[in-house]
Amino acid sequence: MRKAVTRILLASGAAMLPSWSGPSLANGEERKVASASGPVMARFWELDVEPSQLEAFKAIGAENLEASVRREPGVLMMHAVQLADAPTDVRVLEVYANQSAYDAHIRSPHFQRYKMDSATMVTSQRPVPIDPILLCAKGGTIAPGDAPGLMVRIAVIAVDPAQLDACKSLLTEEQEASVRLEPGVLMLHSFQYADDPAQVRLLEVYANREAYQSHLKTPHFLKYKTGTEKMVKSLELLLAKPILLAGKASQAGSTACL
């Protein structure tokens, strides 16, 4: 199961996107994942949902995600997705400004209500400790009904540990350029497992399949693909369906990376 959360407004097949609040990232600039008040805190959840409760779970989950991002200044993004070939397999990526923001979140009324209501719906859950590599988005929040053509993927990447730093450098350069230069690339969020840093995951969101196909032909993607060919030990691309993709929105037309 896989969840990811961020909202994006689409019109006439093109992305009309308010941007996710956060510092912009200049081309080639390196940025430590941190906010003004301390390190960003990220959490990744793998959930299994009772099949008969799936639709109810999605409804209360989306409600909690939307309320968290809208009401809590310290909740930067919450993305929830289900695997296309295993709909009860859900993944959730949560990003908070710092530990204090997370502590405030779990005390919030909307989270407490979600926790109580979902208790009998989730058959298993596994928190995966992660470290963000680069989080890039045009910003805002998108529900599935707002963008029926949305294409969402989770890339499961195993990297040669000896070449991890070089691979991450190429990856972050490609992420930033893709979100900044391509209207149809809505977000690219990368992170690594804290207990196995060579296990890298990438949440990709495109306005539609055409935007994805165009992305594959860009110079920055081809540079990344060629440069990492001998660094990547294995790659699995999993199609997903958004439950809700929720992120802060700010100035339209800008791109933010953490």
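Visitor: What makes the disulfide of cysteine 136 and cysteine 257 right-handed?

Guide: The torsion about the S-S bond of cysteine 136 and cysteine 257 is about 110°, so the disulfide is right-handed. The model is a predicted one, and the torsion is computed from it.

Visitor: How do you know that cysteine 136 and cysteine 257 are joined by a disulfide?

Guide: The S to S distance is 1.8 Å. A disulfide is a pair of cysteine sulfur atoms within 2.5 Å, so cysteine 136 and cysteine 257 qualify. A search of the whole structure finds 1 disulfide.

Visitor: Which parts of the chain does the pair tie together?

Guide: Cysteine 136 is in strand β8 (residues 122-137) and cysteine 257 is in strand β13 (residues 256-257), so the link ties together parts that are 121 residues apart in sequence.

Visitor: Why is cysteine 136 called buried?

Guide: Its relative accessible area is 0%, and buried means under 20%, so cysteine 136 is buried. Cysteine 257, with 1%, is therefore buried too. Cysteine 167 has a relative accessible area of 4%, so cysteine 167 also counts as buried.

Visitor: What percentage of the residues of the protein count as buried?

Guide: Of the 258 residues, 55% count as buried. The protein has 6 helices and 13 strands.

Visitor: Why are helices α4 and α6 called roughly antiparallel?

Guide: The axes of α4 (residues 164-181) and α6 (residues 219-227) cross at roughly 165°. Angles over 145 degrees count as roughly antiparallel, and α4 and α6 are therefore roughly antiparallel to each other. Their axes come within 9 Å, and α4 passes α6 in a left-handed crossing.

Visitor: Which residues of α4 and α6 meet?

Guide: On the α4 side are Leu170, Leu171, Glu173, Glu174, Ala177, Ser178 and Leu181. On the α6 side are His220, Phe221, Lys223, Tyr224 and Gly227. The residues of this contact divide into 6 nonpolar, 3 polar and 3 charged.

Visitor: How do you know whether glutamine 175 is buried or exposed?

Guide: Glutamine 175 lies in helix α4. Its relative accessible area is 0%, and buried means under 20%, so glutamine 175 is buried. Leaving aside residues up to four places away in sequence, glutamine 175 touches Leu134, Leu188, His189, Ser190 and Leu202.

Visitor: What share of contacts join residues at least 24 apart?

Guide: Among contacts in the protein between residues at least 6 apart in sequence, 84% join residues at least 24 apart.

Note on methods:
Residues are numbered from 1 along each chain as its sequence is written. This is a predicted model: local features need pLDDT of at least 70, side-chain atom pairs count only at pLDDT 80 or more; totals for chains, interfaces and linings use all residues. Side-chain values use heavy atoms; hydrogens and water are left out. Axes are lines fitted to C-alpha atoms, for helices over the stretch in contact, and angles run from 0 to 180 degrees between N-to-C directions. Helices (H or I, at least four residues) and strands (E, at least two) are DSSP runs, numbered from the N terminus. Angles under 35 degrees count as roughly parallel, over 145 as roughly antiparallel, 65 to 115 as roughly perpendicular and the rest as oblique. A crossing is left-handed if the near helix is turned anticlockwise from the far one by less than a right angle, and right-handed if clockwise. Contact means heavy atoms within 4.5 Å. Ala, Val, Leu, Ile, Met, Phe, Trp, Tyr, Cys and Pro count as nonpolar, Asp, Glu, Lys and Arg as charged, and the others, Gly among them, as polar. Buried means under 20% relative accessible area, exposed over 50%, partly exposed in between (1.4 Å probe, protein chains only).
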